[in-house]
There are 2 protein chains.
Amino acid sequence: MPTVRVYVTLKPSLLDSAGRTVAGALQKLGYQELEQARIGKLIELQLSEVDDARVKEMCDRLLANPVIEDYRYEVLQ
Amino acid sequence: MPTVRVYVTLKPSLLDSAGRTVAGALQKLGYQELEQARIGKLIELQLSEVDDARVKEMCDRLLANPVIEDYRYEVLQ
């Protein structure tokens, strides 16, 4: 069954407060090489058939918020 | 600056209730081709230098919970 992996990320211009918290925690743990962390979502869909237009629609309607988030996806067979 | 993308997913044997909710919502919206959805995290780290052992350590100590989650990562230059 085909799997679609959707990657949802906050738009780069927006402040990612969860990412900042993670970055601060890692730096406090001694990982000084860390400059920035940003957190997004990874959604794996198993579909009986893949139709590009419908996958885009799912992302726009439910999986991502196009106002504040970007997304991309890849189809794995 | 190198970027490391960490993908954190719930172990396959565990029930993903958020994923179930998303799957149910998409099916109700008419996407009957959807069989399953699972939700994970995508963490993008910007590092001044990449040391594999240290990236693994960051994942094990803070980014993933090895008891219930799997992770993998890739390094983008």
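Biologist: How many salt bridges are counted between chain A and chain B, and what makes the pair Arg54(A) and Glu33(B) a salt bridge?

Modeller: The count between the two chains of this predicted model is 2 salt bridges. The term requires a side-chain nitrogen of Lys or Arg within 4 Å of a carboxyl oxygen of Asp or Glu; the closest N and O atoms of Arg54(A) and Glu33(B) are 2.7 Å apart, so the pair qualifies.

Biologist: Which rules stand behind the model and its numbering?

Modeller: Residues are numbered from 1 along each chain as its sequence is written, and chains are lettered from A in the order in which they are written. Because the model is predicted, local features need pLDDT of at least 70 and side-chain atom pairs count only at pLDDT 80 or more, while totals for chains, interfaces and linings use all residues, and side-chain values use heavy atoms, with hydrogens and water left out.

Biologist: What makes β2(A) and strand β2 of chain B a pair?

Modeller: Strands, which are DSSP runs of E with at least two residues, numbered from the N terminus, pair if DSSP finds at least two bridges between them; here 13 bridges join the antiparallel strands, so they are paired. Gln46(A) stands opposite Gln36(B) in β2(B).

Biologist: How much area is buried between chain A and chain B, and why is it called buried?

Modeller: About 3,200 Å² is buried, 60% of it given by carbon and sulfur atoms; the name applies because this is accessible area (1.4 Å probe) that the two parts lose on being put together, summed over both. In chain A, Tyr31(A), Glu33(A) and Leu42(A) lose the most area to chain B, together 21% of what that side buries.

Methods
Helices (H or I, at least four residues) and strands (E, at least two) are DSSP runs, numbered from the N terminus.
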